[in-house]
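This report describes selected features of a single model. Please consult the sequence and structure displayed here.

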Amino acid sequence: MSARKRLSVLPALAAVLAAGIVPATAAADTAPKAPKTAVLDGTRLQQTKIRLDRGDPQLRRALRDLTTRADRWLDKGPWTVVDKPKPAPGGDVHDYLSQAPYWWPTKPPTADNPWGCPYVQRDGERNPEVDSGTDRQDVEKVFDSTYDLTLAWYYTGRQRYAEKAGRILRTWFLDPATRMNPNLNHAQFIPCKYDGRAIGIIDFSQSYTAVVDALAILRTGAPGWTKADRTRMDRWNADFLDWLKNSDFGKQEAAATNNHGTFYDMQLAALAHATGDRELARRTVREAGSRRIDPQIAADGSQPQELTRTRSWHYSTFDLVAYTRLAAIGRNLGVNLWAHQGPDGQSLFKAVRYLLPAATGAGAWPHPELEFHRYAATDVVHAAADAGDVRARQAVPLLEAPPGGDLWALRPAAEQLDSIAG
């Protein structure tokens, strides 16, 4: 190239570098690292990144949806547990606090009864006051933003995404003035009744594994995410895992026989994988066949305990999010949970097939559901298709894309797409 031509490309190159974008040709010269993720398949992410760098048009469309989501987080947060109006019942502002979503006051609040106690349960009907005055919505923003931003950084190389994800993580988990204590002693409390409940663990178990994977992706070389950050986050996760295993609340949630138990196992296995206890992770997945699938999934693939809910479609897909993510953890550990068949033929494939008529629009969902969203099943059908189920593969073209687009190609692990967390 002549000197004149070299000079002519310098302004364009400077603009690209200033935007924090890695040019596709440069990215292709240096193969991206495969992150050691717990749920996502790190090698598959690596291969997807290479395809993107080579200009795969289908992936580019999905990437636009992902970066649109990530861009929305850039001017939001960070969030912290210490800025809620009232501390948790124990008085420590660093303790996480959330309120039971389906419990409602029965009396108008007064000076002598500021909460309007006693509270009564109305299953499936979310009390709007749970979204103010506690940490519930903020922690969901931490989980979602960290995942979106980290994936966007991995696929684009844009520095601002990684830096924002790191700032959010440090504020919520690490900085002494703003960090969360690694426990859920006051999750889903009920005013005037319980200071916290074991079932509140699901506040984290339903989404925190996305953060575990985000941390693994950031370790591949994210700008601004330092060795000290990695060390302190490893310690937080180890302390949280210890609380999950040994606290009374953790033991109660482990004994749950519905979606709470499935999500507990999924979170336990992911944290064990991330903190180096691969044997605990492997054992948790392996035992889920007889411990979870056999008693919780019927011979026809239905999930009887989830069908009793007023949101039976939501909870049927919700439980399968945990199962399919648990199976994904098993894949990374050499355990094939998809291959498990119970004594009456129970299996994850059958559970997904039970959803297919409603998921594809071929039939109505024949159970109670206060707010049906067909797209809620999209990710779990994708998961079954990827695991080799022919009927699920045939259903994929008929699925309804969730709001914001179908991101399966970029993050092939199920999410609860019709979240009712607020």
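Leaving aside its neighbours within four places in sequence, with which residues is Asp229 in contact? They are Arg170, Leu174 and Gly224, contact meaning heavy atoms within 4.5 Å.

## Basis

This is a predicted model, in which local features need pLDDT of at least 70 and side-chain atom pairs count only at pLDDT 80 or more, while totals for chains, interfaces and linings use all residues. Residues are numbered from 1 along each chain as its sequence is written, and side-chain values use heavy atoms, with hydrogens and water left out.

## Asp229

Asp229 lies in helix H9 (residues 227-246); helices are DSSP runs of H or I with at least four residues, numbered from the N terminus. Asp229 counts as buried because its relative accessibility is 3%, the cut-off being under 20% relative accessible area with a 1.4 Å probe and protein chains only.

The Asp229 side chain reaches the backbone nitrogen of Thr226 at 3.0 Å. With the side chain of Arg232, that of Asp229 makes a polar contact at 3.4 Å (a pair of N or O atoms within 3.5 Å; within protein, one must be able to donate a hydrogen and the other to accept it, and residues adjacent in sequence count only if both atoms are side-chain atoms).

## Helix H5

Helix H5 (residues 136-156) has 21 residues and spans 30 Å from its first C-alpha to its last. Of these 21 residues, 18 are buried. Gly157, with a positive phi near 80 degrees, follows H5.

Conventions:
Helix = DSSP H or I, 4+ residues; strand = E, 2+ residues; numbered from the N terminus. Expected span 1.5 Å × (residues − 1). Buried < 20%, exposed > 50% of the residue type's maximum accessible area, 1.4 Å probe, protein only.
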